[in-house]
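Hi,

Here is the structure I promised to pass on.

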Amino acid sequence: MKSLTIVSENKLEIIEKEVPTISTNQVLVKVAAAALNKRDQFISEGKYPGIQLGATLGSDGVGEIVEVGADIESKNIGRQVIINPNINWGNNPTVQSQEYNILGMPSDGTFAEYVAVGFDRVHDIPKNLKFEEAVALPLAGLTAFRACFHHGQIKAEDNVLISGFGGGVAQYAFQYAVASKSKVYVTSSSDIKMKEAIELGAVETVNYKSDNWQKTLAKKSGGFDVVIDSAGGDQINDFVKMMKPGGRIVFYGATTGLPSSLDLYRMFWNQITLQGSTMGNDQEFAYMLNFVEVNNIHPLIDSSRSFDEILDAIAELRQGDKLGKLVLKF
């Protein structure tokens, strides 16, 4: 079978691998579509911890069960499924275990014609989604879901800021917040993305490269109950100044690095929470699928292309100008 594999540091190739052999509690999924994440880009650049040569990448996948282990009922053969990329979250719903990892390294992932996963990793695809939409959901969608609802506790009428709209996780955080009937604001450096955000339900957009964007946003919003951020850096202190008392800043990344300082005085006086977040537990994955179906949420797709074009797609991901996910089809 075809497989996108780490053949050496900073080098990926499509190679031929044997179809996986499944254990008694696993299923073999014939992959119909997969989707790219920033994780795949970082691995391709050697910027991800614990890189293992020979691993097949890919965390997002949908397809058909074509074989089941001895402990699994044969009626599941032919079932169309979406894969939960969590592995070994553990028994504590609040935080992942020390053994936690994500499908697509070290375990062989979805950038292959077949993938072997535990039966407890597969779920029915939300009824409102096509294959190419559903496959864009697992990793980024789950990360956003936990940030929004476990930590952010977003509810109707909250003032919510999504920074860097257009990124994989940010687009879902935006869509979840809109579906929750909160008042959603976004920042972006792209006029095209800001226009799209307004069309999808944003109250207001601000270009974070403009002068005094922080004051403009604070004035227009009247302050925020929740901020969902992936950049980190010194803008954390800008967010602190914009928060309503008791507000929550949730971050799931730090692409611009660490803040040079942190306005602790304002934080403790206004009872502001600064909360880290990553992925989500298995129960949250199931909740997310239901939330997407009930609220008829459709992931934003930048493009869909043949699996043979995956190396070019990863190169495009580095440009950072995409609105929505890059999807690969077999």
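This is a predicted model: local features need pLDDT of at least 70, side-chain atom pairs count only at pLDDT 80 or more; totals for chains, interfaces and linings use all residues.

Helices and strands below are DSSP runs, numbered from the N terminus, with helices being H or I over at least four residues and strands being E over at least two. Residues are numbered from 1 along each chain as its sequence is written, and side-chain values use heavy atoms, with hydrogens and water left out.

Most residues other than glycine have a negative phi, and most peptide bonds are trans. Gln153 is not a glycine, yet has a positive phi of about 50°. You'll find Gln153 in the loop between α3 and β10 (159–162). With a relative accessible area of 47%, Gln153 is partly exposed; on this scale buried means under 20%, exposed means over 50%, and partly exposed is in between (1.4 Å probe, protein chains only).

Asn212 is not a glycine either, and has a positive phi of about 55°. Asn212 sits in the loop between β12 (204–207) and α6 (213–221).

There is also a cis peptide bond, joining Met105 and Pro106, with omega at about 10°. Pro106 is in the loop between β7 (101–102) and β8.

**Salt bridges**

Side chains of opposite charge can pair when their charged atoms come close. Searching the whole structure gives 20 salt bridges, where a salt bridge is a side-chain nitrogen of Lys or Arg within 4 Å of a carboxyl oxygen of Asp or Glu. A few of them:

- Lys47 pairs with Glu45, the closest N and O atoms being 3.5 Å apart. Lys47 counts as exposed at 59% relative accessibility, while Glu45 counts as partly exposed at 21%.
- Arg79 pairs with Asp124, with 2.8 Å between the closest N and O atoms. This pair links distant parts of the chain, 45 residues apart: Arg79 is in the loop between β4 (60–68) and β5 (80–83), and Asp124 is in strand β9 (residues 122–124).
- Arg121 pairs with Asp282, and here the closest N and O atoms are 2.8 Å apart. Arg121 lies in the loop between β8 (114–118) and β9 and Asp282 in helix α9 (residues 282–294), so the bridge ties together parts that are 161 residues apart in sequence. Arg121 is buried, with a relative accessible area of 11%, whereas Asp282 is partly exposed at 30%.

**Helix packing**

Two packed helices are described by the angle between their axes and the distance between the axes. The axes here are lines fitted to C-alpha atoms, for helices over the stretch in contact, and angles run from 0 to 180 degrees between N-to-C directions.

Helix α3 (residues 138–151) packs against helix α4 (residues 168–179) at about 50°, with their axes 8 Å apart. That makes α3 and α4 oblique to each other; angles under 35 degrees count as roughly parallel, over 145 as roughly antiparallel, 65 to 115 as roughly perpendicular, and the rest as oblique. The α3 and α4 crossing is right-handed, meaning the near helix is turned clockwise from the far one by less than a right angle, with anticlockwise being left-handed.

For α6 and helix α7 (residues 235–242), the angle is about 25° and the axes are 10 Å apart. α6 and α7 are therefore roughly parallel to each other, and α6 passes α7 in a right-handed crossing.

**Surface patch**

Which residues form a nonpolar patch on the surface? They are Tyr265, Phe268 and Trp269, with about 500 Å² of accessible area together. Patches are made of residues with over 30% relative accessible area and no salt bridge, joining like charges within 9 Å and nonpolar side chains (Val, Leu, Ile, Met, Phe, Trp, Tyr) within 5 Å. The areas come from the Shrake-Rupley method with a 1.4 Å probe, and for residues only the protein chains shown count as cover. Phe268 lies in helix α8 (residues 264–269) and counts as exposed at 54% relative accessibility.

**Two C-alpha distances**

Val66, in strand β4, is partly exposed at 33% relative accessible area. Leu57, in the loop between α1 (38–44) and β4, counts as buried at 0% relative accessibility. The C-alpha atoms of Leu57 and Ala116, 59 residues apart along the chain, are separated by 13 Å.

Cheers
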